[in-house]
Number of protein chains: 2
Amino acid sequence: MNAHPVETETLLTPSEVATLFRVDPKTVTRWAKAGKLSSIRTLGGHRRYRESEVRDLLNGVPQQRPSDG
Amino acid sequence: MNAHPVETETLLTPSEVATLFRVDPKTVTRWAKAGKLSSIRTLGGHRRYRESEVRDLLNGVPQQRPSDG
DNA sequence: GAAAACTAGGGTAATTCGGGGT
DNA sequence: AGTGTCCGAATTACCCTAGTTT
């Protein structure tokens, strides 16, 4: 079909992330709004989350924080 | 400044774009019909999308599309 | 020419959004 | 401060069949 290797960053849906953290999807949305989790928006306004970032969070990997003293 | 002779714009299939956004191919079609994403039609009526535009959209770059069906 | 995979189109259920209140 | 739940509205996902692409 297409011979061009498109860089694909696997994205997760809100419910996917919610299931991984055992919380409500609404809570994941709040994390995104609070800037604790980066989110990518679909053209319709729905949020998608980076699987790699979520995995790091689940593994207790500290995220990049601005001015951490 | 920079002249592009024959711009060989890479085109993506609906499923390609759908994978990048983590949505259904049908959703990408909806975006094209809504004018949120410019589409190029094949002679048979299938849609193709500009990779550069899709990447900009994924990066949160707002697009300016006057009219597109 | 033929087969397999993908896409278009319509309709309905599930998910998500945003705000408000516990 | 943080989370789960309710409401209404919008967006998205899955069902099917026919046509297009490779």
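Two strands count as paired if DSSP finds at least two bridges between them. The views below show a predicted model.

**View 1. Strands 2 and 3 of chain A form a hairpin.** Strand 2 and strand 3 of chain A are joined by three bridges, and the two strands run antiparallel. Arg41(A) has Arg47(A), in strand 3, as its bridge partner. Five residues lie between the two strands. In the turn, Gly45(A) has a positive phi of about 100°.

**View 2. Strand 1 of chain A is bridged to strand 3 of chain A.** Two bridges connect strand 1 with strand 3, which covers residues 47–50 of chain A. The direction is antiparallel here. Leu11(A) has its bridge partner in strand 3, at Arg50(A).

**View 3. The open sheet of chain A has three strands.** The strand order is 1-3-2, with antiparallel pairing. Strand 1 (11–12) and strand 2 (39–41) are the edge strands of chain A. Each has a single partner strand, so one side of each lacks a neighbour in the sheet. In a regular strand, side chains alternate between the two faces of the sheet.

**View 4. Helix 2 of chain A lies across strands 2 and 3 of chain A.** This helix spans residues 25–33. Helix 2 of chain A runs at about 75° to strand 3 of chain A.

**View 5. Chain B and chain A bury about 1,400 Å² between them.** The accessible area lost when parts come together is often used to give the size of an interface. For chain B and chain A, carbon and sulfur atoms give 63% of the buried area. Chain B contributes 17 residues to the contact, and chain A contributes 16 residues. Three residue pairs are in polar contact across the interface of chain B and chain A, with both residues of each pair at pLDDT 80 or more.

**View 6. Strand 1, helix 1 and helix 3 of chain B each supply at least two residues of the side that touches chain A.** In chain B, strand 1 covers 11–12, helix 1 covers 14–21 and helix 3 covers 51–58. Helix 1 of chain B gives the largest share of this side, five residues. By class, the side of chain B that touches chain A is made up of nine nonpolar, four polar and four charged residues.

Conventions. Residues are numbered from 1 along each chain as its sequence is written. Chains are lettered from A and ligands numbered from 1 in the order in which they are written. This is a predicted model: local features need pLDDT of at least 70, side-chain atom pairs count only at pLDDT 80 or more; totals for chains, interfaces and linings use all residues. Side-chain values use heavy atoms; hydrogens and water are left out. Contact means heavy atoms within 4.5 Å. Buried area is the accessible area (1.4 Å probe) that two parts lose on being put together, summed over both. A polar contact is a pair of N or O atoms within 3.5 Å; within protein, one must be able to donate a hydrogen and the other to accept it, and residues adjacent in sequence count only if both atoms are side-chain atoms. Helices (H or I, at least four residues) and strands (E, at least two) are DSSP runs, numbered from the N terminus. Ala, Val, Leu, Ile, Met, Phe, Trp, Tyr, Cys and Pro count as nonpolar, Asp, Glu, Lys and Arg as charged, and the others, Gly among them, as polar. Axes are lines fitted to C-alpha atoms, for helices over the stretch in contact, and angles run from 0 to 180 degrees between N-to-C directions.
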